[in-house]
Amino acid sequence: MGMKHQEGYLKSNRATNVFYQYWLPSEEPKAILLVAHGLAEHSGRYMNLVNHFVPAGFAVYGIDHIGHGKSEGKRVYVERFEDFTKTLKTYFDTIRDKHPETPVFLIGHSMGGLIGAAYLLAYQNELSGAVLSGPAIKIPDHVSRATLLAGKILSVLMPKAGVAPLSFKGISRDPAVVEAYINDPLVHTGKITARLAAELFKTMGHVAEHGSIIRLPIMIAQGSKDSLV
């Protein structure tokens, strides 16, 4: 079965250019997988999904979040977390225009799982289901209230300052996957910015408080030795 790959740019809610790409099967797709990638990476790292599902008759649509991959914006920085979800909604609407009747399933990995959960709180009725893979939806137990407060202050005073290094070794137990991640020029290997860190923690609290309203069919996959989330 053939596969068609397309890419382009759309405008985020901040009027910046956001990169998207999608893969279509040769026939009308049975369903659409909408991928929200993780922190510091990009939509091109999901070829395992593409190569498995597109030959089986599914379409895969991906977006590079603001400040990630081929999208504009300071690396791993966001003004407000809603910039991720609102831009994803804009992309969803363009997909829905092209495929008005096709079921859409949201796939969110790591930070994309948090973006996905926040997205579901607002727009779950438009989706047929969701898969959250290693979702970063809980504030780690070792993060104290003092640290959270300091993060909020830094987010206001020095929002674009790098505050926390990203750990590569926890990406995968497969050394080849870690090596590919480190050597990928579209992967950001610097520190996470103060604003994004604060927005992540704020959204984790929001999802924890309101997550019970998510009612659509959902699968959550979590590695028992995941050291990142």
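Biologist: In what sense do strand 3 and strand 4 pair, and over how many bridges?

Modeller: In this predicted model, strand 3 pairs with strand 4 (residues 59–63) in the parallel sense, over 5 bridges. At least two bridges are needed for two strands to count as paired, so this pair meets the criterion. Within it, V35 stands opposite G62 of strand 4.

Biologist: What makes strand 3 and strand 5 a pair?

Modeller: Strand 3 and strand 5 (residues 104–109) share 5 bridges, and their sense is parallel. The requirement is at least two, so they too are called paired. Here L34 stands opposite L106 of strand 5.

Biologist: Why is the unit of strand 3, helix 1 and strand 4 called right-handed?

Modeller: Strand 3, helix 1 (residues 47–53) and strand 4 form a β-α-β unit that is right-handed. The name applies because, with the strands pointing away from the viewer, the path from the first strand over the helix to the second runs clockwise.

Biologist: Why is P140 called partly exposed?

Modeller: The relative accessible area of P140 is 27%. Buried requires under 20% and exposed requires over 50%, so P140 lies in between and is called partly exposed. P140 belongs to the loop between strand 6 (129–133) and helix 4 (145–157). P140 and V229 are 89 residues apart in sequence, and their C-alpha atoms are 7.4 Å apart in space.

Biologist: What lines the largest cavity, and what classes of residue are found there?

Modeller: The lining consists of I63, H65, I66, D83, F84, T87 and L88. By class, 4 are nonpolar, 2 polar and 1 charged. Helix 2 (residues 82–98) contributes the most, with 4 residues. The space in this cavity is about 40 Å³.

Biologist: How do you know that the chain is as compact as a globular protein of its length?

Modeller: The chain has 6 helices and 9 strands. Its radius of gyration is 17 Å, close to the 17 Å that the globule rule gives for 229 residues, so the chain is as compact as a globular protein of that length.

Technical notes
Residues numbered from 1 in each chain as written. Predicted model: local features only at pLDDT ≥ 70, side-chain atom pairs only at ≥ 80, totals over all residues. Heavy atoms only, no water. Buried < 20%, exposed > 50% of the residue type's maximum accessible area, 1.4 Å probe, protein only. 1 Å grid on protein atoms, 1.4 Å probe; cavity = no way out; pocket = protein on both sides within 12 Å on 5 of 7 lines; lining within 4 Å. Points joined across faces, edges and corners; volume = space filled by probe spheres on them. Nonpolar A, V, L, I, M, F, W, Y, C, P; charged D, E, K, R; others polar. Rg over C-alpha atoms; globule rule 2.2 N^0.38 Å.
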